[in-house]
Amino acid sequence: MFRKFYLFLFFVNLSIAYVVSQESATYVNPLIGTSNFGATFPGPIAPRGMASVSPFNVAGKQNKLEKDSRWLSNPYVYENTFLTGFSQVNLSGVGCPDLGVILVMPTSGNVKTNHLEYGTTYSNEIAKTAYYSNTLDKYNIKTEFTATKRVGVNKFTFPKGESNILINLGLGLTNEEGAMVQIVSPTEIQGMRSVGSFCYNSPEDAYPVYFVAKFSKPADRYGVWKKPRTYKGEEAQWMTYNGKTRMMERNTKMVVGDSIGTYFSYQFDKEESVVVKIGVSYVSIENARENLEKETSGKSFEDIYNETFNEWNTLLSRVKVKGGSKEDKVNFYTALYHTLIHPNILNDVNGDYPEIKTGKIGNTKGTRYTVFSLWDTYRNLHQLMALIYPKQQSDMIKSMLDMYEENGWLPKWELNSTETFTMVGDPASIVISDTYLKGIQDFDVEKAYQAMIKSANTLEGNPLRPGLKDYIEKGFLTTDHEGPVSTTQEYNAADYAIAVLAKALGKDEDYKTFKKRSISYRKLYDKNYKLLRPRNPDGSFYEPFDPLAGANFTKNVGFIEGNAYQYAFMAPHDVKGMIKLYGGKKSFVNQLQNVFDINQFDMANEPDIAYPFWFNYVKGEEWRTQKLVRELANKHFKNKPEGLPGNDDTGTMSAWLVYSMMGFYPASIGDNVYQLTSPVFDEIEIPLDDTYYPGKTLKVIVKNNSKENIYIQSIKLNGNPLNRYWVTHKELVNGAVLEFEMGSEPKK
């Protein structure tokens, strides 16, 4: 109770700071998404950082959710109360467990190595941009954390007496085991932890994360512990150490095992603070040490915090808003913050990074990005990056093309230079095409195009498009394949992206071929159900067919993470075609509205998140988009730990909110069009990057705005009436002023 009360007071006090400072980064509440399966973490990270620190409270039966009790992908759950350390590398908003390793834990008294024994409840929790802190109740130790791009910075303030800092390499979220550790001196530790098997896939591609930890004060005592597995049978009789933890005092040899760790112990005669800086690398221990030195040498905890906070503030301030409530600003800037975590950097300060599949170490003069959750992020996050942070988006495309060079294929769901093959479709093609057509063209587009054609046409041994032979011959995947309806729709969307890029490059025959391929989902339409329906290999519709099967992520024959209603309108490249397929405008609107009326719209999942914007395609029905988007934003996104509708999917849900609150959304594919809806703020200003865009500023002005006035009465573009509810990307980046006049009743 004290923890929750303190947190309330903290945010009340913080709200006063908001009014005074008006710095964008002060509005971020990293606790949003740490409940309701949002899978975010509250600890500090630099923008797109490799290192991040999170309280780890998902181990131990004392907790509401325990990491081994279910499919748990996050190191922290807000409702949990029992903490066992602070992990130094983490993922944000993902649906599968990985990383969450290199756990640092301060304790006092005798050294204990079992996390269930040394774990503790905590209070006085503070989470804000670039900073996290709490108090460990059992020990009365104050913890504080910040981070640079590649270094987690841990500060512990101990009371008088015997104190310890443990580094536990056995505990973590990853499904992989194995670590090594070596004490270099009373102030330094180096080692490695094996991680991988994201979504329980590709266990053969497990990989190491290396680290070097430096302590601001030399330890009085130090050592390594190792707990071997328990043997049974004859040899167990001779093993006095069978299953028992070995304590190796002052051991400076490399120790290897599964359940291993180190302890540094101090005897303080007064309150003292110790700072532990932990540099990480996916290349080597030497690089981890160089990362640590280059990013933190000679800098205090406060210096590092200020630098990282300022970096966040600069990036978040690329979007300036006026008006709206304090809660609106917190929700908006926290969402923007979450979109700037992944994809994140993979390369070390010297440019080194592990290549994908080759086993070699590559080097870049720019930025090598990783964590491409593309089935999620192709729908809105990369479009947001292209508009606001186009240099980052350009580097992400170049990273994808480097992966193609190394691996022979574009990424599907890439994680730290491993391909997890999670989800379905060929999403990289959509992202690359959209980026080029938006005017970000400083990459090898011919190489990109050949990579896209390879994935679209290779019939055998194609890891990106399994079942492609059926798709090309029949126009759809059959029930012989996983999620045949969903996968067909995803292939269609990718094919359309290839088609429009082909047209831009003057490849007219390819354009015709892929455009024709892109509408084959229509063959799955069942006019009796007025839904898309899986077909058997002989072409007949699959029986028995339950349109509701697949809701709440349950497995079903036709669809991936969804049901027939949630995929009914998932053709973002062919909305006008869908209108015709579904019987014309009136029938289309009725069936689309029905998805919402029968509660089959799922805000927590990607396939249907563009559906509220499809009403804009029918004249006179645009008010439904304005009403639904505002209602969904208010219902599912809040300034609370449960303030996301579910898994953030590496920022995809947050990107939906950022766009929706600004009043425009990239719902479609291949046409560079944004659908307009009701902005939340009175004014929005985005400075445009003149490297890529001709205009200086994109500005949105909203008149007569209020919580009640959610309906658009009129729109002007650059002072001229706009008699449509969409704008093009070109219009915006030429330096647009978009004006909305709002009212309390729909304009029909």
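Lys555 is exposed, with a relative accessible area of 77%; exposed denotes over 50%, buried under 20%, and partly exposed the range in between, for a 1.4 Å probe and protein chains only. Lys555 lies in the loop between β26 (531–532) and α14 (575–581), where helices (H or I, at least four residues) and strands (E, at least two) are DSSP runs numbered from the N terminus. From Lys555 to Arg250 the C-alpha to C-alpha separation is 53 Å, and the two are 305 residues apart in sequence.

The model is predicted: local features need pLDDT of at least 70 and side-chain atom pairs count only at pLDDT 80 or more, whereas totals for chains, interfaces and linings use all residues. Residues are numbered from 1 along each chain as its sequence is written, and side-chain values use heavy atoms, with hydrogens and water left out. The protein chain averages a pLDDT (the predictor's confidence in each residue, from 0 to 100) of 95, and 97% of the residues score at least 70. Over residues 1–21 the pLDDT is below 50, and this stretch has 32 contacts (heavy atoms within 4.5 Å) beyond near neighbours in sequence.

Strand β8 (residues 161–168) is largely enclosed by the rest of the structure, because 7 of its 8 residues are buried. Strands pair if DSSP finds at least two bridges between them. Strand β3 (residues 103–108) runs antiparallel to β8 and is joined to it by 6 bridges, with Met105 opposite Leu166 in β8. Strand β15 (residues 259–268) is also antiparallel to β8, through 8 bridges; here Glu162 stands opposite Gln267 in β15.

Helix α7 (residues 381–388) is mostly covered, with 8 of its 8 residues buried; among them are His382, Gln383 and Met385.
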